[in-house]
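Please open the model in your viewer and keep the selection tool at hand.

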Number of protein chains: 2
Amino acid sequence: MTITQTSQIDLDTVAELAAQLRVDSIRSSTSAGSGHPTSSMSAADLLAVLVTRHLRFDWDAPTAPGNDHLIFSKGHASPLLYSVYKAVGVVSDDELMNGYRRFGQRLEGHPTPVLPWVDVATGSLGQGLPDGVGIALAGKYLDRQPYRTWVLCGDSELAEGSIWEALDKAAHYELSNLIAIVDVNRLGQSGPTELGWDLDAYARRAEAFGARVLVVDGHDLSAIDDALGTAAEPNDGRPTVVLAKTVKGSGFSEVEDKPDWHGKPFPDDMADRAIAELGGIRDLVLRGPRPEPASADDATTEPAGVAATLPHYALSDEVATRKAYGDALVALGAADPRILALDGEVSNSTYSNAFAHAYPDRYFEMFIAEQQLVAAATGLSVRGYRAFASTFAAFLTRAHDFIRMGAISGVDLRLVGSHAGVEIGADGPSQMALEDLAMMRAVHGSTVLYPSDATSTAALVEAMASTAGISYLRTTRGAYPVLYEDGEAFPVGGSKLLRSSDHDQVTLVGAGVTLHACLRAAEILADGGVAARVIDCYSVKPIDADTLIAAVGATSGRIVVAEDHHPEGGLASAVTDALLAGGPTSLSLAHLAVRDMPGSGSGPELLAWAGLDADHIAAAARELLDR
Amino acid sequence: MTITQTSQIDLDTVAELAAQLRVDSIRSSTSAGSGHPTSSMSAADLLAVLVTRHLRFDWDAPTAPGNDHLIFSKGHASPLLYSVYKAVGVVSDDELMNGYRRFGQRLEGHPTPVLPWVDVATGSLGQGLPDGVGIALAGKYLDRQPYRTWVLCGDSELAEGSIWEALDKAAHYELSNLIAIVDVNRLGQSGPTELGWDLDAYARRAEAFGARVLVVDGHDLSAIDDALGTAAEPNDGRPTVVLAKTVKGSGFSEVEDKPDWHGKPFPDDMADRAIAELGGIRDLVLRGPRPEPASADDATTEPAGVAATLPHYALSDEVATRKAYGDALVALGAADPRILALDGEVSNSTYSNAFAHAYPDRYFEMFIAEQQLVAAATGLSVRGYRAFASTFAAFLTRAHDFIRMGAISGVDLRLVGSHAGVEIGADGPSQMALEDLAMMRAVHGSTVLYPSDATSTAALVEAMASTAGISYLRTTRGAYPVLYEDGEAFPVGGSKLLRSSDHDQVTLVGAGVTLHACLRAAEILADGGVAARVIDCYSVKPIDADTLIAAVGATSGRIVVAEDHHPEGGLASAVTDALLAGGPTSLSLAHLAVRDMPGSGSGPELLAWAGLDADHIAAAARELLDR
């Protein structure tokens, strides 16, 4: 394979490459029997110009710190992306033809970071640009490298509000290193897009959100080249949106600008005609500009190697776990410059404001835009930073699809949700997270933590800093007694046996606020002559199956689980999943959870109303004994 | 109580009312010890003008079809809303002072439809305006009544992408009956908003998204009156955004425009000074204009009273459940004019396009904006319509917070998610719903349905049409054999025992695609001399506990549950929750689920990879027998 590498690939050669990208997009999707050739063909000229003349990328070193970033927000155009990979010589024609969309292969239907040149998984539209904001934030404020983040967007996905959250934040943070290229081919999946080829309408919107807009004929190579050249130059601090008017299926006259060809590979005979019309199969291998060496003021920093000095809490002092989160984050920030914080404009509630005050250069305010909050953390993770993103736990549901995609991206997301459950009291159900444990547990590879006191919270925040994948910390609004002494270990996947004897008759399992109620319930039961074992299940996923199995074994299968959460998918679900996975099991379970729709009230009133206070837990335990 | 009702309440009286609203917002929040007086005071003038001179509302008949609608998208300003209710004579001063934010009372921290004048719950920002789009759609296209939908927005929430999805759709559908009043008080919770008092910036954005924009001094009653008068008049089809420059805490000099007063009630002494500055306590009761009688071309229609004729499917024919969804929806639409469909621009995948073709006037395309998709369905439900909203099941996670809030609103949402699980094959994990069952089960009061064949799908779609609360139908991409004959009943909460004998040794539970694998597994087991009971758990929530309990009782506690879903919170969780809720239980469970991150491949390849095919199910059953 002869690779031509130059920053001066001429436009005649680029035109050849564009034809090759179209042909390969057709060949790969036809060979796979599925895929999106027409959505690839509309953007082929854009990508041909970009990769040959503007994208600074060392294809032999995809993680080089100076590399530009390329995100296919319109992930369904994967045939085009993979054809680009062939064109730069990192994917073979054989792999393209026999690997695309096949079982066990890495050229998946939508790109994922299984491929070393892909930063984030795409395929849920409207996410690539928000993710790109995170990478661009890293480039401008943290890495301080001149790399650019290029995002190929579809026009259909501009209907997603998340795109506008992204442009808003890109303008707010003056991310002139972020360039969105919008492939305006006017045809969506089931019909024309809302705005069609009204590029002026798109331009007005993007400009109103603070972007510099360049409008271009997406099939005029010279015009594209000028636009991308302009886009790549530093400007006055605005992100750039290149609006490219394109034709879906461009290059094959039978399908150009025709509806009903979305997401359909061409049958063999059509593919043959298309390839013929495009001048046949080519095997150009060309590489464009490489990045400049990493600049001297590279701010990427490794931790000092010193352990964080976690905050101290005196036993029995009443401290909110959300407060301990803020304290611990500040402590971690002192020891590790990669630690960052982001918040959705509630930092004085989540206590991420402590970090913002201590390390303002490492705090990014995302205002009330939870999708962008998680997406920014995703992009920062791509660049190796350890961002903690916090808001009310209830509002993390707003970013569910971004969290789901984060798991597919394999990024490390550290999410912190405060104000869990009915415990919050007067604000009412809109502010009460009652489904967050179910949401976070069902995320692939996730870690779900729900501490009951300040000491364990601080330890778990430290653990999250080095936890891979999606980790989630659920914090509580109110202040509760410190239960653990400094230095106590809280391994992820562990639990704490807070009360046990060799004559326990029932096991009480709590986490967070209900753990305190379980401890009081055990005292009530003890007063009545019943010995109860109490487990602090601070690690909801993974969960400490051994301790749970031993406990129910010792207490004749009797177990009470109390959770400030809806009954489905939360703590009790985690507990019973673990018990039943252990083999044949006999259980007598009382499951206390929030089963009705709460209103306002005080925290204690609402916990009692939900049946989650000590009295209800003790009563449930006694009922098990009476069975 | 003397109620003054006139459409000509003069502005001097309005000024008195505005002072009263401020005083009552202060009094109620101070009495409750929590709440948002300053965010109420900034909008008091806006509301005083609106309710006295523009909002057409019959306070004695809150469900009157001609009533305007008033949504507090900034739900934290509930003291202002409740003070309005006092001012129109529907809430007493005693209730305001002793009920606000108290346990068991209806004046919750954020408004919910527990109150008869509240259409939708708010408190998760950025949702009131999208919900309003749904109501305005109903008004213009279905009710065909001249009512207007007024939405009070905060400026902070304009950072939510959902606001821009809403304006986009409002402009697309030419909803000149929708008026957003934005209280631009420039201060958020933790600090200044992103755009401060840059009303020009907001105006550019709103205009670019197709709105008519009116900028006004939010404390100039005459200017407000002019703006709202203009806003209320029909225009060329644009929604109106009134941008009101306001001062947070307006009316009390100690806090006006001061940060750090968000969400804090005034201490008693401050409250006293504030009330004195505002001229003391008042007890005006005033009512503004009432709606005109419902117009003659009222299009609100009741069902014809005829039962829908559901589609027929021949046994063993292979039909995708998503296809059956479309067929059934068309059949329902013929019988009931309240049936509507909405889709997120994938109607040719979900098969809602069948309805769109049959009843174009009752189909609303929401393009790729899943938050607005669910919000529009919410607003349409407020007006009594039975909207089915569909997209890929994976993308319903995008609307999780809207679904959660829909449950608090008590609306009926009919959600349909296609392309569930790894079964979809080549498109890869971004398009595979693997957490939707967990998400939907944890929604309060939800109904979760997952049929395996076309006949049961059609029956369940019919059941959804009259199901209260949030209901969810999970459909499958591929075509599978029809299992049930016409006329078979599929009650919500039921199941089907497809195979059983009096010597069954193990129970196999499936739903959707795995049910077919369970049936084949039972045949494999039978060939080996093992009798297996097979249950079609088409109703995941509520679930048929009796049948499950009887089955595990009959099979020595041995049960295999197979689900095309992540292991957490889905079908197996529903099954074990039901079994364990039944009392002391001995179980030997094999739980087959998607435990690793899938890639591309064919459906059968991926189901086998995940361990969800007949061979794996049979092997799991045999392993239980060997324990």
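Is Asp45(A) buried or exposed? Select this residue first, bearing in mind that the model is predicted. Asp45(A) has a relative accessibility of 7% and therefore counts as buried, since the cut-off for that class is under 20%.

**First stop: the surroundings of Asp45(A)**

Asp45(A) belongs to helix 3 of chain A, which covers residues 44-53. Next, select the residues that Asp45(A) touches, leaving aside those up to four places away in sequence: Ala18(A), Arg22(A), Gly218(A), His219(A), Leu221(A) and Ile224(A). With His219(A), Asp45(A) makes a polar contact from side chain to side chain, at 2.8 Å.

**Second stop: salt bridges within a chain**

Over all chains, the count of salt bridges comes to 65. Select Asp143(A) and Arg383(A), which form one of them, with the closest N and O atoms 2.7 Å apart. This pair links distant parts of the chain, for Asp143(A) lies in helix 6 (residues 128-143) of chain A and Arg383(A) in the loop between helix 14 (370-382) and strand 11 (386-392) of chain A, 240 residues apart. Asp143(A) is buried, its relative accessible area being 0%. Arg383(A) also counts as buried, at 15% relative accessibility.

The side chains of Glu16(B) and Arg282(B) meet in a salt bridge of 2.5 Å, N to O. Glu16(B) lies in helix 1 (residues 11-32) of chain B and Arg282(B) in the loop between helix 10 (268-277) and strand 7 (286-287) of chain B, so the pair ties together parts that are 266 residues apart in sequence. Glu16(B) is partly exposed, at 37% relative accessibility, whereas Arg282(B) is buried, at 13%.

Remain in chain B and select Glu254(B) and Arg273(B), a salt bridge whose closest N and O atoms are 2.4 Å apart. Glu254(B) is in the loop between strand 6 (240-245) and helix 10 of chain B, while Arg273(B) is in helix 10 of chain B; the two are 19 residues apart. Glu254(B) counts as partly exposed, at 33% relative accessibility. Arg273(B) likewise counts as partly exposed, at 38%.

Select residues 558-562 of chain B, which make up strand 20. How many of the five residues of this strand are buried? Five of the five are, so strand 20 of chain B is largely enclosed by the rest of the structure.

In a regular strand, side chains alternate between the two faces of the sheet. Show the side chains here: Arg558(B), Val560(B) and Ala562(B) point one way, and Ile559(B) and Val561(B) point the other way.

Strand 17 (residues 506-510) of chain B pairs with strand 20 in the parallel sense, over three bridges. In this pairing, Leu508(B) has Val560(B) as its bridge partner. Strand 21 of chain B also runs parallel to strand 20 of chain B, joined to it by five bridges. There, Ile559(B) stands opposite Leu589(B).

**Fourth stop: where the chains meet**

Thr585(A) stands opposite Leu587(B).

Finally, display the whole interface. The contact takes 96 residues from chain A and 96 residues from chain B. Between them the chains bury about 7,900 Å², with 50% of this area on carbon and sulfur atoms. Select Phe103(B), Glu194(B) and Arg398(B): they supply 10% of the area that chain B buries against chain A, more than any other three residues.

Twelve salt bridges are counted between chain B and chain A. One salt bridge to select joins Lys541(A) and Glu568(B), with the closest N and O atoms 3.3 Å apart. The side of chain B that touches chain A comprises 32 nonpolar, 38 polar and 26 charged residues.

How values were computed. Residues numbered from 1 in each chain as written. Chains lettered and ligands numbered in written order. Predicted model: local features only at pLDDT ≥ 70, side-chain atom pairs only at ≥ 80, totals over all residues. Heavy atoms only, no water. Contact = heavy atoms within 4.5 Å. Buried area = accessible area lost by both parts, 1.4 Å probe. Salt bridge = Lys/Arg side-chain N within 4 Å of Asp/Glu carboxyl O. Nonpolar A, V, L, I, M, F, W, Y, C, P; charged D, E, K, R; others polar. Pairing = 2+ DSSP bridges. Helix = DSSP H or I, 4+ residues; strand = E, 2+ residues; numbered from the N terminus. Buried < 20%, exposed > 50% of the residue type's maximum accessible area, 1.4 Å probe, protein only. Polar contact = N/O pair within 3.5 Å; in protein donor to acceptor, adjacent residues only side chain to side chain.
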